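This report goes through one protein structure, from its overall layout down to single residues. The sequence and the structure come first.

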Amino acid sequence: MPPPDNVMEKLVSLAKRRGFVFQSSEIYGGLGSVWDYGPLGVELKKNIKERWWRSMVHEREDIEGLDAAILMHPKVWEASGHVAGFTDPLVDCKHCKNRFRADDPRIKGTPGEPTAQCPVCGSKGTLTAPRLFNLMFKTFIGPVEEAAAIVYLRPETAQGIYVNYLNVLQSARQKIPFGVAQIGKAFRNEITPGNFIFRTREFEQMEMQFFVKPGTDLEWFEFWREQRMKWLAGLGIRPEKLRWHQHTKEELAHYAKDAYDIQYQFPFGWQEFEGIHNRSNFDLSRHQEYSGKKLEYLDPATNERYIPYVVETSAGADRTALVVMADAYHEEDVEGEKRVVMRLLPSLAPLKAAVFPLVNKDGMPELARRIFDDLHKSYNAFYDDGGSIGRRYRRQDEAGTPFGITIDGQSTQDGTVTVRDRDSLRQERVAADRLTGYVADKLKG
Ligand code: ATP
């Protein structure tokens, strides 16, 4: 494997070359820490989100789905604590105008003092003392840009769930314990963004809030920790690259009873990409207080009234996609030649199969087209007749396509094709009319 920094560079360049991820507005020089998903990236992220949705919503009777709006009543963010507390202390360089988090390890000295040095331009004494900066994006609702019209782009999807918890409970006829799951965009005006799609200003979250009776929260917290790790193992991520990080007293939000991050060993170090939090009844209590609406649950069995506790599982779809891509990236020598291969779990791979006529003559393209049209009805597949067969394989290895199907001279005689396995490089002859079933079998899991 190449050195770690290099791996990120290579991954970013592969992502662009193959159409996983592009820089936003690239022709204008790009927009800081905003990224676009290309033809392969959109499929990969969609496959991750669908798998999450299936396991959270479709396979569970006690979880319902929701798609709340990005814009919400501004009081939501007062109640949640984001208006007052969702801040980072920041430092500006008066010389080069760059902005840093006050705890940026590259800063030498104490910001605000004459000896402190800017990590970008190197000037001394130009860094301001730290100032608090709110991470929420503001905009205005309606035609007048005035303070009364301010709304925020949501910095997390969870609040849309809290304010709808009673609507969902009643309309879906759920009882506590039950959960609400949501996938959607969130926005944070991050100051030290970077590391590709790891920390971006616009991203997607996959969040599930599980409402439980106070006193049962510890059990549910353990349950969801276990479930989430199992789910990640199912994505094929190497277990030795995953670990738990329990929040220390300093890291723990004042209302939270306990919180664990799931970290992945990225090329730039161990970092969180999902959190499981025991949030107590903080969120619902605050919304009850700020809205003046009762958010209690009346237990039909015991006639008790209480504000439920919340156990939350909160994952970033983009960070999970980065975990999947970083884990899949492999370089290896094959018969003296370097090959780059994305060993994606076949069910997550953007393309399931690629179809290649060995040469563009002797009836091969016609047969290959027919096979492709047939496969395409069931799977996202790719037809490629450009360049040598070796180059076509290499492009699909980089795309993470699990099966390469080649139509050769023998195919036109006996109706069989060769199927090349992306990982083992083994080739098998398979009857063309059995291909859809063959791929289906291999995609299980
Ligand atoms: P960090 O400490 O990295 O900023 P956080 O603790 O603020 O993350 P949460 O608020 O717990 O993150 O958000 C839950 C999940 O949402 C994170 O684990 C991550 O996967 C995702 N996420 C949060 N902020 C971003 C971001 N700026 N870009 C991409 N994903 C993000």
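## Overall layout

The structure is a predicted model. The chain has 445 residues, of which 35% count as buried. Its secondary structure comes to 13 helices and 23 strands. Taken along the principal axes, the C-alpha atoms fill a box of roughly 75 × 70 × 50 Å. Among contacts with a sequence separation of 6 or more, 63% link residues 24 or more positions apart.

Three domains divide the chain. Domain 1 is made of two segments, 4-74 and 141-326. Domain 2 covers 87-134, and domain 3 covers 351-443. Between the C-alpha centres of domain 1 and domain 2 the distance is 31 Å.

## The shell around the ligand

The ligand is surrounded by 16 residues. Phe203, Gly275, Ser314, Gly316 and Arg319 are the closest of these. By type, the shell divides into eight charged, five polar and three nonpolar residues.

Which elements supply at least two residues each to this shell? They are strand E10 (202-212), strand E13 (269-278), strand E16 (309-316) and helix H9 (317-328). The largest share, four residues, comes from E13.

## Nonpolar cores

In soluble globular proteins, nonpolar side chains tend to be buried together. The largest nonpolar core in this model has 87 residues. Val324, Ala353, Val355, Ile371 and Ile405 have the most contacts inside this core. Helix H9 gives the largest share of the core, eight residues. Domain 1 and domain 3 each contribute at least three residues to this core.

Leaving aside neighbours within four places in sequence, Ala353 is in contact with Leu375, Tyr379, Ala381, Thr401, Phe403, Ile405 and Val439. A second, separate core has seven residues, including Phe100, Ala102, Ala116 and Leu127.

## Helix H11

Helix H11 spans residues 389-399, and its buried residues are Arg392, Tyr393, Gln396, Asp397 and Ala399. An α-helix has 3.6 residues a turn, so residues three or four places apart point the same way.

Gly390 and Arg391 are exposed on the other side of H11. The helix is followed by Gly400, which has a positive phi near 80 degrees.

## Backbone exceptions

Most residues other than glycine have a negative phi, and most peptide bonds are trans. Ser33 is not a glycine, yet its phi is positive, about 55 degrees. Ser33 lies in the loop between strand E1 (21-23) and strand E2 (35-37). This serine is buried, because 23 other C-beta atoms lie within 10 Å of its own and 20 or more are enough for that class.

Asp362 also has a positive phi, near 55 degrees. Its place is in the loop between strand E19 (353-357) and helix H10 (364-376). With 13 other C-beta atoms within 10 Å, Asp362 is partly exposed.

From Ile176 to Pro177 the bond is cis, with omega near 10 degrees. Pro177 is found in the loop between helix H6 (165-171) and strand E9 (178-187).

## Two further loop residues

Pro267 is found in the loop between strand E12 (258-266) and E13. Is Pro267 buried or partly exposed? It is partly exposed, because 18 other C-beta atoms lie within 10 Å and a buried residue needs 20 or more. Pro267 and Asn195 are 72 residues apart in sequence, while their C-alpha atoms are 9.7 Å apart in space.

Ser123 is found in the loop between strand E5 (99-101) and strand E6 (131-134). Ser123 counts as partly exposed, with 14 C-beta neighbours inside 10 Å. Not counting residues up to four places away in sequence, Ser123 touches Cys93, His95 and Cys118. From Ser123 to His95 the separation is 28 residues in sequence and 7.2 Å in space, C-alpha to C-alpha.

Notes: Residues are numbered from 1 along each chain as its sequence is written. Domain bounds come from an automatic or database domain assignment. A residue is near a molecule or strand if its C-beta atom, placed from the backbone, lies within 6 Å of it. Ala, Val, Leu, Ile, Met, Phe, Trp, Tyr, Cys and Pro count as nonpolar, Asp, Glu, Lys and Arg as charged, and the others, Gly among them, as polar. A residue is buried if 20 or more other C-beta atoms lie within 10 Å of its own, exposed if 12 or fewer, and partly exposed in between; C-beta atoms are placed from the backbone. A nonpolar core is a set of buried Ala, Val, Leu, Ile, Met, Phe, Trp, Tyr and Cys residues joined through C-beta atoms within 7 Å. Two residues are in contact if their C-beta atoms, placed from the backbone, lie within 7 Å.
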